[in-house]
Amino acid sequence: MRYFVVTVFLLLCASTKAQDVSQLYERVKPAVVVIYTEERKLQRQGNTTAMVSSQGLGSGFMISDTQIITAAHVVDVAEKLFVQFLDGETIEANVVSAFNESDVALVNLARPKKNAVWVGLGDSDKSKVGEQVVVIGAPFGLSHSLSSGYISSKISNTKDENPFTNSDFIQTDAAINTGNSGGPMFNLKGEVIGIVSQIKTITGGFQGIGFAATSNIAKDLLIDKKIPWSGADFLPLSGKSARLLNVPQNSGLLVQRVVSTSPYGKMGLRGGTVEATIDGTPVLLGGDVILAFNGIRFEMTDETLKKLGDFANSLQSGDVVALEILRDGKIVSLKN
């Protein structure tokens, strides 16, 4: 009899939890969006290579009728991006703020979404290991798909003075796959406590270890500090790699890709055009190497990176940005 009572109790608890998750899903799913991107990628065509248009997929969530948070790697070098809502409507958008190390980005819609539903950011510092979480996104393009799991661990590095090493992630066993990136991780109150970032995998599929950037670091970087979007991705060079490319100082930033309509793209910064491998890392060669930002010479030291972080944090719309670059063996200056 006692075994029967315990079994019934556990079944009732499980049923109540399932109802809670189902109700949560119905309440928040209109705020979750699918993001389609168009990027320029180098692709081999016979014996030659050429820059071609490539399609990308990710997820995101609305925090107002015009603003969406997603993962930086989904949109950081997108030439175009489109946001699709639960009702099927699609609106073009643009990136306004992004921080690659923490993998968070803020996107603005070209026009407000009518009858928009949005969700709030919770305090991720209050979340605990063992707490149940819900992830909603578009794995493999399956729009508004839900998975559930628990917080497995919390990995934080936010104390360094060097802002480019700051990160704050929640590890979860909730199923995460291609297309989930940028989607929200909810607690059972319906608050967003994480932005889906990546999975740790050997096969390329879900293996029970996923990571989400915390809501607190997203709020700090995107809303409070408004870290500007550069529209380019870079590869740091130092030591052997810097010498191989004849960089005239100890360190530099090799430009990989640049969005033509981004601030750096409008300045005329150029990305790479030739595939190569340096120390086992795939790279694009032939692009500019950034030597200095507004007179701050790039060096791989905490002191310099802190200066560059302070510089990025202080930028306002309309501020002058001057770059010193190495192009075709010559030092060139660019200005917006």
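Trainee: How many aromatic pairs does the structure hold?
Mentor: The structure holds one aromatic pair, where rings of Phe, Tyr and Trp (its six-membered ring) pair if their centres lie within 6.5 Å. This is a predicted model, in which local features need pLDDT of at least 70, side-chain atom pairs count only at pLDDT 80 or more, and totals for chains, interfaces and linings use all residues. Residues are numbered from 1 along each chain as its sequence is written, and side-chain values use heavy atoms, with hydrogens and water left out.

Trainee: Stacked or edge-to-face?
Mentor: The centres of the phenylalanine 234 and tyrosine 264 rings are 6.0 Å apart and the planes are at 70 degrees, so the pair is edge-to-face. Planes under 30 degrees apart count as stacked, over 60 as edge-to-face and the rest as tilted.

Trainee: Which parts does the pair tie together?
Mentor: Phenylalanine 234 is in strand 13 (residues 232-238) and tyrosine 264 is in helix 5 (residues 263-267), so the pair ties together parts 30 residues apart in sequence. Helices (H or I, at least four residues) and strands (E, at least two) are DSSP runs, numbered from the N terminus.

Trainee: And is tyrosine 264 buried or exposed?
Mentor: Tyrosine 264 is buried, at a relative accessible area of 12%, whereas phenylalanine 234 is partly exposed at 27%. Buried means under 20% relative accessible area, exposed over 50%, and partly exposed in between (1.4 Å probe, protein chains only).

Trainee: Switching to helix 3. Which of its residues are buried?
Mentor: In helix 3 (residues 215-224), Ser215, Ile217, Ala218, Leu221 and Leu222 are the buried residues. Down the helix axis they fall within an arc of 155 degrees, so they line one face of helix 3. That arc is taken from the directions from the helix axis to the C-beta atoms.

Trainee: What comes just after helix 3?
Mentor: Lysine 226, which takes a positive phi of about 50 degrees.

Trainee: Now the loop. Where is asparagine 187?
Mentor: Asparagine 187 is in the loop between strand 10 (184-186) and strand 11 (192-199). At 6% relative accessibility, asparagine 187 counts as buried.

Trainee: What does its side chain make a polar contact with?
Mentor: The side chain of glutamate 191, at 2.9 Å. A polar contact is a pair of N or O atoms within 3.5 Å; within protein, one must be able to donate a hydrogen and the other to accept it, and residues adjacent in sequence count only if both atoms are side-chain atoms.
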